[in-house]
Amino acid sequence: MSDVSDVSDVSQHVSQQQGWAPRDPSAPAPEISRFPPDGKSRPRKRPRRPRTPRPRTGLRRLVPTRRALLGTLLFGTLLLGGGLIAGYHLVGIPAANTAATLQSNLYLYADGTQLARDGEINRENIRLAQVPRAVQRAVLAAEDRGFYSEPAVNPAGMVRAIWNTVTGKGTQGGSTITQQYVKNYYLGQEQTVVRKGKELFIAIKLNREESKKNILQGYLNTSYFGRNAYGIQAAAQAYYGKDIEDINLAEGAYLASLLNAPSDFDVVVHPENRPAAEARWNYVLDGMVKEHWLKPAVRATLAFPVPGEIRHSSTGLSGQRGYVVQAVEEYLVSNKIIDERTLAAGGHRITTTLEREKQDAFGEAVDDIVLSRLDTGRAADRNVRIGGASVDPTTGKVVAMYGGIDYTKQYVNNATRRDYQVGSTFKPFVLAAAVENNSRTRYGEPITPNTVYDGNNERMVEGVDGPTGYAPANEDDINYGPLSLREATDKSVNAVYAQLAQDIGPATVRNTAIALGLPSNTPDLTASPSIALGPASASVLDMAKAYATLANHGRHGTYTLVQKVSRNGTKVELPHREPRQVISREAADTTTAVLRGVVEGGTGTAALSAGRPAAGKTGTAEDDKAAWFAGYTPNLATVVAMMGADPKTAAHRPLYGALGQPRINGGGPPAEIWGRFTAAALRDTRTEDFDLRMDDGAEEMLSPEDGSDPFGEFGGGAPGDTAGRPDGDENGDGDGSGDGGSGDGGPGQEQEQEQAPQGRSEGWSVARPGVPAHGPTGGHGGGAARAPGQQQESGSGSQARPDRAERTDRTGQTSGQGQVQGSARAQTSQQHGYGGASVPGGIGSTSRYGTVGIGRTSGFHGRPRADYSGYGTYNGYR
């Protein structure tokens with residue numbers, strides 16, 4: 001109760017303060033009426049109802065409400081954010097598209113000028129460091145000045161690009177360099193929203209994972225500059241014929257301006273667009289000034305660099321270019337420098353060793369000597385093929401190569417094919433093997449160029465155990481009788497060289513050929529007596545390398561077609577081998593001395609047209625299916641082959657009737673081409689003579705005993721001035737003596753002698769100092785030596801010819817120094833039907849290299865002859 005009373009007291013107190021009477025708490029609560037007192041009505045207050053929006057009609061229905069806008073915006077934001085996050089994680093950096101990675105292999109001459117390109121895409125990737133800094137900045141000024149400081153994506157440009165794509169307003173979008181690189185390298189050039197979306201995500205990711213320098217390098221290598229040039233290196237070559245390292249600022253600014261409109265801004269193709277092109281060029285340079293990359297004073301000095309004309313000459317594989325590309329690829333792959341798959345991927349910059357002038361000279365020589373003489377009406381002319389190669393003996397570099405008339409018409413490279421026999425061009429390797437290995441005949445005599453062999457046709461080759469069963473025929477089935485190796489080389493006598501190979505040992509001959517440069521896997525390079533006749537199928541290039549070793553005095557180095565290689569700016573290492581002496585200098589130089597006789601008076605005289613001291617050898621394949629000439633000067637070794645091949649089946653065909661000639665041999669068109677090319681290739685060089693250091697046995701017959709050369713540098717005495725002095729007396733006074741008769745005859749005298757029994761024609765050899773001659777010492781009666789003009793009947797009744805020099809080997813005294821006593825049998829020449837007189841200590845032979853001092857017009861030092869053929873008469877010795 002106290003609590004109630006307390007509340008009551010408080011209520012009264014409050015009511016008194018407010019000025020109204022307090023209600024009696026015990027009184028009932030008054031009834032509340034909804035109607036006013038005194039019966040008067042009051043306005044009724046409606047209860048509040050929820051407000052309902054008025055229905056939207058008309059255009060209002062099309063306007064979204066604020067709530068809808070806010071909701072849509074929020075949803076869109078969430079969706080876009082989620083999409084960006086999802087896209088970033090879902091879209092990875094793809095592999096490069098095929099077109100962006102395709103490159104050609106570029107082939108250059110030794111001087112750096114372009115030789116060929118082996119693909120359709122003109123692109124050569126380079127490193128950013130190879131691009132001058134000023135050119136890099138010119139590109140940035142043209143395409144993306146904030147490249148190094150701004151993000152990979154330009155949002156405003158991206159929106160503009162998407163809008164332009166949707167509305168079809170073109171491709172201008174202000175993409176960054178990163179975005180353009182993504183488009184070039186990873187995606188493609190199609191204009192779709194999807195591609196733009198991918199470009200965005202890949203550019204963002206790439207900017208995080210790659211350096212700016214790598215991105216710029218990729219951009220410069222993949223951008224198109226016009227003129228079928230992909231990448232800035234190809235563009236530099238296409239517009240200015242330079243490598244990018246050599247491009248100056250003005251030229252670089254022009255290349256940068258091309259990125260905006262490659263075809264339109266080519267002022268050579270579209271001269272009418274030059275004002276627009278110059279405006280873009282100025283925009284680039286002014287941008288560099290604005291970015292403080294270029295001083296205004298320097299900018300003011302720059303003039304618009306008009307590009308060069310479009311060049312189409314060296315982009316394909318026609319003519320000789322295809323053969324060169326094929327040969328270089330074979331060289332790189334076979335030497336394990338680059339594997340075939342990597343090479344096929346392209347991007348290699350290959351500088352060859354070929355010299356443009358010499359390459360052109362080879363083609364011109366072939367055109368003049370052969371191609372211009374071909375007649376489509378002659379069936380044989382349709383079979384003609386030509387191959388050639390030329391090597392610098394000192395460096396081992398292949399300086400010229402001829403593969404055929406046109407790679408697009410004849411795909412087989414005639415300079416590198418290995419399916420034609422080399423013929424007698426192999427014989428110098430046999431001679432070199434004999435000298436190198438101090439070989440001896442089957443009778444134990446040392447073999448030198450002066451050793452006498454039996455040159456009769458189809459003579460049986462004799463081994464240590466008797467006949468071998470091999471009896472090769474000479475060309476035209478000629479019986480040469482006894483003759484020296486030197487003369488057998490001049491005349492390319494098969495019978496002599498087959499026996500020589502047997503005496504040396506066929507395996508030794510094979511090893512020498514390989515040491516000189518022939519590949520060990522050369523087809524038909526077998527160790528048998530026939531190896532000397534050249535059944536091996538080495539290529540023209542193989543033979544040129546081997547002959548170059550002879551020219552280089554027996555030193556074999558690295559023979560190569562390639563000077564340097566790089567890929568994408570990175571150098572590729574090339575093999576190198578220091579030259580080494582594979583055969584002695586004496587062996588190589590002795591071979592050279594003998595080969596000079598082939599050019600000066602043997603089967604290769606057509607090579608004299610080179611106008612240089614030369615050594616060489618002719619060769620003919622079996623059935624005349626190929627004719628060769630291989631030769632060299634002191635500073636150039638060249639091999640030329642003329643081959644017969646069916647134009648449809650490619651089967652080997654004889655060359656009979658080609659060029660309107662009954663037969664084609666190595667001394668014909670091949671030697672003529674050799675001479676024409678060599679003369680042109682060495683036109684601007686100093687004439688050099690061979691510096692030879694010969695084997696002792698070879699030197700004995702090459703000069704007088706006192707070492708003098710009474711006929712000058714080349715022994716050039718008056719023609720015929722000592723012809724008919726074939727006796728042992730240098731003066732030719734006929735005071736020599738023999739064992740079957742004697743006599744002095746004045747000029748024009750005739751002398752007869754009794755017939756003596758005919759000696760055997762086999763089983764003989766040269767008498768060496770202190771060594772008796774093998775075989776019988778009898779023979780045709782030894783006639784007295786003759787004075788000029790004498791005529792003498794030999795024991796067999798044949799006429800002795802006064803124009804022949806009687807050959808002698810020394811027995812302690814030397815012919816040409818007066819009367820020498822001794823005896824030996826005479827040999828009968830089956831070809832000429834005359835007997836050589838018996839001479840002191842040796843054999844009367846048909847060799848033109850007999851008595852020392854016979855005059856000649858040209859030839860070896862100390863080995864003079866009376867006339868062109870070397871035998872003192874017009875007809876000479878065949």
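A residue counts as buried here when its relative accessible area is under 20%. Keep that in mind for the first stop, and remember that this is a predicted model.

Start by selecting strand β17, residues 626–633. Here 8 of the 8 residues are buried, so the strand is largely enclosed by the rest of the structure. Show the side chains and look at each face in turn. On one side you'll find A626, W628, A630 and Y632, and on the other A627, F629, G631 and T633; all are buried, so under the 20% cut-off both faces of β17 are covered.

To see one of the bridge pairs, pick T618 and look across to F629 in β17. Then follow the chain through the hairpin, where 5 residues lie between β16 and β17, and stop at D623, which takes a positive phi near 60°.

Now bring in β18, residues 636–644. β17 and β18 are also antiparallel partners, with 8 bridges between them. Click A627 and you'll see M642 of β18 standing opposite. This hairpin has 2 residues between its strands.

For the last stop, select β2, β1, β5, β13 and β14. In that order they make up an open sheet of 5 strands with mixed pairing. β2 (114–117) and β14 (570–572) stand at the edges with a single partner strand each, so one side of each has no neighbour in the sheet. From one strand to the next, the twist averages 25°. Zoom in on β1, residues 106–108, which runs antiparallel to β2 and is joined to it by 3 bridges.

Note on methods: Residues numbered from 1 in each chain as written. Predicted model: local features only at pLDDT ≥ 70, side-chain atom pairs only at ≥ 80, totals over all residues. Heavy atoms only, no water. Pairing = 2+ DSSP bridges. Helix = DSSP H or I, 4+ residues; strand = E, 2+ residues; numbered from the N terminus. Axes fitted to C-alpha atoms, helices over the stretch in contact; angles between N-to-C directions. Buried < 20%, exposed > 50% of the residue type's maximum accessible area, 1.4 Å probe, protein only.
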